[in-house]
Amino acid sequence: MPLVVIQPSYGNPAARRHWKDTLDIPVDFTTHPRADLLTPDQRKQLNQFHPSGAARFWGATSVQDKQMERLSAGDIVLFTGKNHVRGIGEIGVLFRNAPFANSMWTADPKKGSWHNVYSLLSFTPIQIPYQEIWALPGFNVGDNFMGLRILDSEKATTILDGLGIESQVDIEHNRNLHEPVARALRSHTDVVDGEAVHTPTTRYALRERELVVHRTEALLLQEYTQSLGIEQPKRLRTPAGITDLHLPSPDGSEVVEAKRDSTRRFVREALAQLLDYASHTPEPAIRLTALFPTRPTNQNLALLHRYGIDCVYRTHPLTFERAAAPEKTRTGMMLFWQGGQPG
């Protein structure tokens, strides 16, 4: 799993100049005099990862030398500033080179050169308010993410899942696991355990691509919680994953799963996830709700209702309608949700 780095990068004029110079546009690293500042090995790595001859770059001063030594290709960087995640990228090549860094950025008067340089395999400008991160399990309301921070594995998993970030390392890892199985089935040979064929070299065979950040569900949830008057929505970490919305009450809890489409595929995904989450809530789950941007078909509504699951869908801006499961069905299914047998 890739590491996740919180990188302040937009909070002051100098950082915003750096952003404009080396994140808004790729930097040509092949022309004189900048190319001459690279070592042969650095030039070779950059050409391998960025065959176009240009890349987006960021850097860190000597204060972060030890932190930067922990990072490698494929790790995820959240670029933050002014109460938002403003960009998300995947690290490509990392190296230490003060002259090359100084050719892009003016050295800090106190901390010196931004000599810990890294290129970005992908970079996606985005606007994610800190409130979305604060709502995730393990994060604190009011944390403004000051200073470079490498998240522990649990928080890294939480933030990637919670913000809908699909990393290239995970895609490559899954491909390595699935391809041997598919190949064995095609050729009628024995299936080899996928873990046995996974090797760390995947991390160094990455190429530039667009980073995938799924935002539709998050925007839908924002609007839904706003319609309910909820200022600080909460999410719950369970062994089955992270819920999209957790609404506790004295009588029990409601678990909400949002999907970006209301077609059968997404209805079935919501159904499976809600049933998986339900048995892990700290309070008994008394309502499971699937949230969609449009109304599902009658057939898909019936599928949800068969398991006692409500459907909420958007009808107009800040307006949602609930198609509730029959009360008798929902009540009868609650024991099943909680890991027992339906009544």
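Two strands count as paired when DSSP finds at least two bridges between them, and by that rule β12 and β13, joined by 5 bridges, form an antiparallel pair. The model is predicted, and the protein it shows has 343 residues, of which 48% are buried. It contains 12 helices and 16 strands, and two open sheets with mixed pairing, one of 7 strands and one of 5 strands, organise the description below.

**Overall make-up**

- Strand β3, which spans residues 54-60, is mostly covered, since 6 of its 7 residues are buried.
- On one side, β3 pairs in the antiparallel sense with β2 (residues 27-28) over 2 bridges, and here V27 stands opposite A55 of β3.
- Strand β3 is also joined to β6 (residues 116-129) by 5 bridges, again with the two strands running antiparallel, and G59 stands opposite V117 of β6.
- The pairing of β1 (residues 4-8) with β4 is parallel and rests on 5 bridges, with V5 placed opposite V77 of β4.
- Helix α6, made of residues 153-162, lies across β1 and β4 and runs at about 75° to β1.

**The sheet of 5 strands**

- In this second open sheet, the order is β12-β13-β14-β15-β16, and the pairing is mixed.
- Its edge strands are β12 (245-249) and β16 (319-323), each of which pairs on one side only.
- Neighbouring strands of this sheet are turned against each other by 25° on average, when direction is ignored.
- Within the antiparallel pair of β12 and β13, P248 has S253 of β13 as its bridge partner.
- Helix α10 packs on this sheet, where it touches β13 and β14, and its direction makes about 155° with that of β14.
- Helix α12 packs on the sheet as well, in touch with β14 and β15 (310-316), and its direction makes about 100° with that of β14.

**Helix α10 and its buried side**

- Helix α10 has 15 residues, 264-278, and reaches 21 Å from its first C-alpha to its last, which is close to the 21 Å expected at 1.5 Å a residue.
- The buried residues of α10 are F266, V267, A270, L271, L274, Y277 and A278.
- These residues cover an arc of only 140° around the axis, and therefore they lie on the same side of α10.
- In general, an α-helix has 3.6 residues a turn, so residues three or four places apart point the same way.
- The cover over the buried residues of α10 includes the strands β10 (237-238), β11 (241-242), β13 (252-258) and β14 (285-292), together with the helices α11 (298-306) and α12 (327-337).

**Backbone details in the loops**

- Most residues other than glycine have a negative phi, and most peptide bonds are trans.
- The peptide bond from H32 to P33 is cis, with omega near 5°, and P33 lies in the loop between β2 and α2 (40-49).
- N83, a residue other than glycine, has a positive phi, near 65°, and its place is in the loop between β4 (76-81) and β5 (84-96).
- With 44% relative accessibility, N83 counts as partly exposed, because that class lies between the 20% and 50% limits.
- F145 likewise is a residue other than glycine with a positive phi, near 55°, and F145 lies in the loop between α5 (130-134) and β7 (149-150).
- F145 is buried, with a relative accessible area of 2%.

Conventions. Residues are numbered from 1 along each chain as its sequence is written. This is a predicted model: local features need pLDDT of at least 70, side-chain atom pairs count only at pLDDT 80 or more; totals for chains, interfaces and linings use all residues. Side-chain values use heavy atoms; hydrogens and water are left out. Buried means under 20% relative accessible area, exposed over 50%, partly exposed in between (1.4 Å probe, protein chains only). Helices (H or I, at least four residues) and strands (E, at least two) are DSSP runs, numbered from the N terminus. The expected span of a helix is 1.5 Å times one less than its number of residues. The arc is that of the directions from the helix axis to the C-beta atoms. Contact means heavy atoms within 4.5 Å. Axes are lines fitted to C-alpha atoms, for helices over the stretch in contact, and angles run from 0 to 180 degrees between N-to-C directions.
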